[in-house]
Amino acid sequence: MPKFTLFEILIVAHLIIDFIFQRKWEATRKNKDWLALAFHCSIYTIGFIPVFWFLKISFWWLMLLFLSHFVIDNQKFVRWLLAKFKGYKQTETNQALWTMLFIGVDQILHFIILLIIASFA
């Protein structure tokens, strides 16, 4: 039976929780509505509780997970990164390319947080 690293387990949990459990209204409103963003981040964080409990990861790491998810999914930080370091602005970029870049940067940031948790938890 294959052994999975903590990072691999956290990535799979992230993909399931962030994509499958996220409702359409959360995805479309979380960058405009603090309540939708807070709800999404809460559901995301709650989804990790069984994973953290089973793997005996301190629940303090859930705070990092919630706060980082709140900052990343607010989308302002991702838009800033794309503009500052890549020179892409949504209004000046083809929609398909923008979507691909935006989702890519968003997921890389989430993966970095999960890597920090896997490395230090």
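Predicted model: local features only at pLDDT ≥ 70, side-chain atom pairs only at ≥ 80, totals over all residues.
Local features need pLDDT of at least 70 and side-chain atom pairs count only at pLDDT 80 or more, while totals for chains, interfaces and linings use all residues. Residues are numbered from 1 along each chain as its sequence is written, and side-chain values use heavy atoms, with hydrogens and water left out.

View 1. Helices are DSSP runs (H or I, at least four residues), numbered from the N terminus. The side chains of D33 and R29 form a polar contact at 2.5 Å (a pair of N or O atoms within 3.5 Å, one able to donate a hydrogen and the other to accept it; residues adjacent in sequence count only if both atoms are side-chain atoms). A polar atom of the D33 side chain also lies 3.0 Å from the backbone nitrogen of L35.

**View 2. Packing of helix 3 against helix 4 (residues 60-73).** The axes, lines fitted to C-alpha atoms over the stretch in contact, are 9 Å apart at an angle of about 145 degrees, where angles run from 0 to 180 degrees between N-to-C directions. Contact (heavy atoms within 4.5 Å) involves residues including W34, F48 and F52 of helix 3 and W61, F66 and F70 of helix 4.

**View 3. Packing of helix 4 against helix 6 (residues 95-120).** Their axes come within 10 Å and cross at roughly 165 degrees, which makes helix 4 roughly antiparallel to helix 6 (angles over 145 degrees). Among the contacting residues are L64, H69 and D73 of helix 4 and D106, H110 and F120 of helix 6.

Terms used
Helix = DSSP H or I, 4+ residues; strand = E, 2+ residues; numbered from the N terminus. Parallel < 35°, antiparallel > 145°, perpendicular 65-115°, else oblique.
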